[in-house]
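Here is a short note for a colleague who is new to this structure. Please look over the sequence and the model first, then read the points in order.

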Amino acid sequence: MAGAQKRLSHTTLKRRQRFHPKRDVRPAVLAKADRLVIRVAAAIGLSFLAVTILQAVLG
């Protein structure tokens, strides 16, 4: 039973993906994209908040 359990867990585990310079996106590019996504999300959130406050003041 223990042997079957060990064999099953070995086959279901995935190997850790390593960075391949010719195939994968560079980590610096991913970090830059993450920062861009955070900035866009912050801008959308702040504009939504500004519109909500403006409607509360004027309405």
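1. F19 is partly exposed because its relative accessibility is 45%. Partly exposed lies between buried, under 20% relative accessible area, and exposed, over 50% (1.4 Å probe, protein chains only). F19 sits in the loop between α1 (2-12) and α2. Beyond its neighbours within four places in sequence, F19 is in contact with D24, V25, R26 and P27. Contact means heavy atoms within 4.5 Å.

2. This is a predicted model: local features need pLDDT of at least 70, side-chain atom pairs count only at pLDDT 80 or more, and totals for chains, interfaces and linings use all residues. Residues are numbered from 1 along each chain as its sequence is written, and side-chain values use heavy atoms, with hydrogens and water left out.

3. The protein has two helices and zero strands. Both are DSSP runs, numbered from the N terminus: helices are H or I with at least four residues, strands E with at least two.

4. How much of the protein is buried? Buried residues make up 0% of its 59 residues.

5. L46 belongs to helix α2 (residues 27-58). L46 counts as exposed because its relative accessibility is 59%.
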